[in-house]
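Work through the exercises below with the sequence and the coordinates at hand. Each task is followed by a solution in steps.

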Amino acid sequence: MTPADPAIAQSIAWCRAFTRRRARNFYFGLRLTPEPKRSALYAVYAFMARCDDLADGDGDGDVNASRGQRADSIDAFAARFLAWVDPSASTTDAARVSGGGDVSGGVSGGVSGGGDEAFWPALRWAWLSHGLDDRIGLDMLDGQRQDLDAPRFERFDQLRGYCERVASTVGQACVGVWGVEPGARDPAQDLARARGVAFQLTNVLRDLREDARNGRTYLPADELTAHGVSMDDLAQGRFTPGFDELMRFQLDRARGWYAESDGLDALVSPDCRAASLALMRLYRSLLERIAEDPRAVLRGRVSLPWAKKLAIGWRAARGVG
């Protein structure tokens, strides 16, 4: 059952609507999570998405904000996060740090106006009831600070660290909410870290041209140089002789990270294994769709058809391989 507290229930409702609107692939996996864990993940997703907005200026973020203003916003957001998830802080104190006055007023204003305060009560409930590590949220925000400077990674180890901050954190939060078999917490968290890297590498390939046009190229510079591909080539959607080999290399590496996360689903609590499997299969299927025509990423964003997503969810829910 979801919480009876009206402020938390209203906050969860906002998070559910927000997740359905924004999550795309992620929403399908969350739908297979039973309640009340599903509601907890709606709150976690809303928080993570808002973190991303602060760096990108998307969603509710200010697209006209300067780099310094966005950095200040991230720092202030981190303070609000710690105030809300600190078990020693009252909800009234946390709302005051967030600038929302009392909790009910802050939530209702956020729900009606779409402001960034709406998810905080739900997040506090989700975070504390599942004992999530505060480091998960802080690491995510560190990843967003990296994004402020349109990062250019020279080597893969730098990209891997970034992936762990912005994606492995999400996986670790999911595992924390789903729960794991007795004694499996540490290995499950390690496998979730690897799967997060796999998911983010998939996203990097999917968004290759869009990111380059926005001044971001996440693929390591030494690998681009080795294959004779420039950032301008990617931004212009210009095919070069080394592109196919570059993509084969990236696809094989991403597959390796999926393989490294094998075993995670078996460690997740039985009632949530379908959700874990569905998410993995959605992202893995997206990777293989890119592999069918790697040059498609130069033309636009590659996505899975709705029918494919529904089929993946159906099979995962019924334990079909």
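**Exercise 1.** By class, how many nonpolar, polar and charged residues does the lining of the second largest pocket have?

Solution. The model is a predicted one. Sorted by class, the lining holds 4 nonpolar, 8 polar and 9 charged residues. The pocket itself has a volume of about 380 Å³. Of its 21 lining residues, Asp133, Ile136, Gln172, Arg185 and Gln189 are the closest to the centre. Next, assign the lining to helices: helix 8 (134–147), helix 9 (156–178) and helix 10 (185–206) each give at least two residues. Helix 9 supplies the largest share, 7 residues.

**Exercise 2.** Which residues have the most contacts inside the largest nonpolar core?

Solution. This core has 99 residues, and Phe47, Phe119, Leu123 and Trp178 have the most contacts inside it. The largest share of the core, 13 residues, comes from helix 3. Leaving out residues up to four places away in sequence, Phe119 touches Ser11, Trp14, Cys15, Ala46, Phe47, Arg50 and Phe77.

**Exercise 3.** Is tryptophan 84 buried or exposed?

Solution. Tryptophan 84 lies in helix 4 (residues 67–85). Its relative accessibility is 3%, and buried means under 20%, so tryptophan 84 counts as buried. Tryptophan 127 is 43 residues apart from tryptophan 84 in sequence and 9.2 Å apart in space, C-alpha to C-alpha.

How values were computed:
Residues are numbered from 1 along each chain as its sequence is written. This is a predicted model: local features need pLDDT of at least 70, side-chain atom pairs count only at pLDDT 80 or more; totals for chains, interfaces and linings use all residues. Side-chain values use heavy atoms; hydrogens and water are left out. Helices (H or I, at least four residues) and strands (E, at least two) are DSSP runs, numbered from the N terminus. Buried means under 20% relative accessible area, exposed over 50%, partly exposed in between (1.4 Å probe, protein chains only). A nonpolar core is a set of buried Ala, Val, Leu, Ile, Met, Phe, Trp, Tyr and Cys residues joined through side-chain atoms within 4.5 Å. Contact means heavy atoms within 4.5 Å. On a 1 Å grid over the protein atoms alone, a cavity is a set of points where a 1.4 Å probe fits but cannot get out, and a pocket is an open set with protein on both sides within 12 Å along at least five of seven lines; lining residues have an atom within 4 Å of a point. Grid points are joined across faces, edges and corners, and a volume is the space filled by probe spheres set on the points. Ala, Val, Leu, Ile, Met, Phe, Trp, Tyr, Cys and Pro count as nonpolar, Asp, Glu, Lys and Arg as charged, and the others, Gly among them, as polar.
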